[in-house]
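I opened this model today to look up its layout, its ligand shell and its strands. My notes follow in the order I took them.

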Amino acid sequence: MNILDLIRSRRNIKKFKADAVEPNLIQQWLEAAAMAPNHRMTEPWEVYMIGPETRKKLNHKTNFGNAPIVMAVLSRQGATKIETDENAAATACFIQNFNLAAWSEGVGTFWSSIAIKGSNQELLQVPENYDVLGVIAVGYPEEVPEVKPRTPMREKMKYLP
Ligand SMILES: Cc1cc2nc3c(=O)[nH]c(=O)nc-3n(C[C@H](O)[C@H](O)[C@H](O)COP(=O)(O)O)c2cc1C
């Protein structure tokens with residue numbers, strides 16, 4: 001699949017098959033994800049692979065669509081708000097890189113904001129100087145949702161003099 005088709009066909013997957021995803025593949029996609037742009041090479045991301053005990057306590061309403069793998073992606077805060085925002089932007093690029101790498105092998109991802117704040121932070125042992133950008137469920141899709149159409153970009157573009 002070329003990159004445009006890959007980007008266009010990715011969906012947020014809500015239902016997964018029970019089939020395991022090869023750990024080597026996950027590792028390979030994480031390494032590719034880490035090639036994300038990041039200002040001053042802060043590499044602000046950390047990935048916590050969530051085990052069954054913690055997962056149960058997260059008490060997600062669909063149990064992450066029964067995905068075989070669930071991981072939290074954290075982003076380190078900076079010394080200033082600008083640095084924190086830049087780090088979060090870099091970590092979002094990391095997540096999308098991962099999601100696209102997985103999708104290139106037919107593996108879907110579900111981005112959930114279940115642990116962005118509140119008691120789940122403690123459950124995930126999030127250090128004080130980190131934010132959770134997403135809990136990402138990973139697995140082979142049971143269902144691939146229809147596309148959610150986007151506003152044409154012409155309506156969101158401005159040409160400055
Ligand atoms: C930061 C972020 C948080 C998200 N949190 C959730 C969430 O908590 N639950 C959910 O169903 N989808 C969540 N999503 C996925 C979006 O709902 C999804 O990308 C959007 O509906 C468009 O669908 P698509 O990705 O299949 O094109 C999140 C996406 C992002 C970028």
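I began with the annotation. UniProt, in an unreviewed entry, lists residues 57–140 as "domain: Nitroreductase". I am working from a predicted model. Over residues 57–140 I read 35% helix and 27% strand. The end C-alpha atoms of that stretch are 24 Å apart.

**Entry: overall layout**

I counted elements next. The chain has five helices and four strands. Along the sequence they follow the pattern α-α-β-α-β-α-β-α-β. I then checked the radius of gyration, which is 17 Å for the chain. The globule rule gives 15 Å for 161 residues, so the chain is as compact as a globular protein of that length. The C-alpha atoms fill a box of roughly 55 × 40 × 30 Å along the principal axes.

I looked at burial and contacts as well. Of the 161 residues, 26% count as buried. I took contacts between residues at least 6 apart in sequence, and 80% of these join residues at least 24 apart.

**Entry: the ligand**

Which residues surround the ligand? I noted Arg11, Asn12, Trp111, Ser112, Ser113, Gly134, Pro145 and Lys148. By class, this shell has two nonpolar, four polar and two charged residues.

**Entry: strand pairing**

I went to β4 next. This strand spans residues 130–139, and nine of its ten residues are buried. I recorded its pairing with β2: eight bridges join the two, and they run antiparallel. One bridge I looked up pairs Arg76 with Tyr130 in β4.

I then turned to β3, residues 108–112. Five bridges join β3 to β4, again antiparallel. Trp111 has Ile136 in β4 as its bridge partner.

**Entry: Ala72**

Is Ala72 buried or exposed? I placed Ala72 in strand β2. I found 26 other C-beta atoms within 10 Å of Ala72. The cut-off for buried is 20 or more, so Ala72 is buried.

I listed what Ala72 touches, leaving out residues up to four places away in sequence. The list is Tyr48, Ile50, Ala115, Leu124, Val132 and Val135. Ala72 and Tyr48 are 24 residues apart in sequence, and 5.1 Å apart in space, C-alpha to C-alpha.

**Entry: positive phi**

I looked for positive phi in residues other than glycine. Met41 has phi near 50 degrees. I found Met41 in the loop between α2 (23–33) and β1 (45–49). Met41 has 8 other C-beta atoms within 10 Å and is exposed.

Asn66 also has a positive phi, near 60 degrees. Asn66 lies in the loop between α3 (52–58) and β2 (69–76). I counted 14 other C-beta atoms within 10 Å of Asn66, so I logged Asn66 as partly exposed. The exposed class takes 12 or fewer.

How values were computed: Residues are numbered from 1 along each chain as its sequence is written. This is a predicted model: local features need pLDDT of at least 70, side-chain atom pairs count only at pLDDT 80 or more; totals for chains, interfaces and linings use all residues. UniProt positions are given in the numbering used here, feature names are shortened, and annotations may be inferred rather than shown by experiment. The radius of gyration is taken over C-alpha atoms; the globule rule is 2.2 Å times the number of residues to the power 0.38. Two residues are in contact if their C-beta atoms, placed from the backbone, lie within 7 Å. A residue is near a molecule or strand if its C-beta atom, placed from the backbone, lies within 6 Å of it. Ala, Val, Leu, Ile, Met, Phe, Trp, Tyr, Cys and Pro count as nonpolar, Asp, Glu, Lys and Arg as charged, and the others, Gly among them, as polar. Two strands pair if DSSP finds at least two bridges between them.
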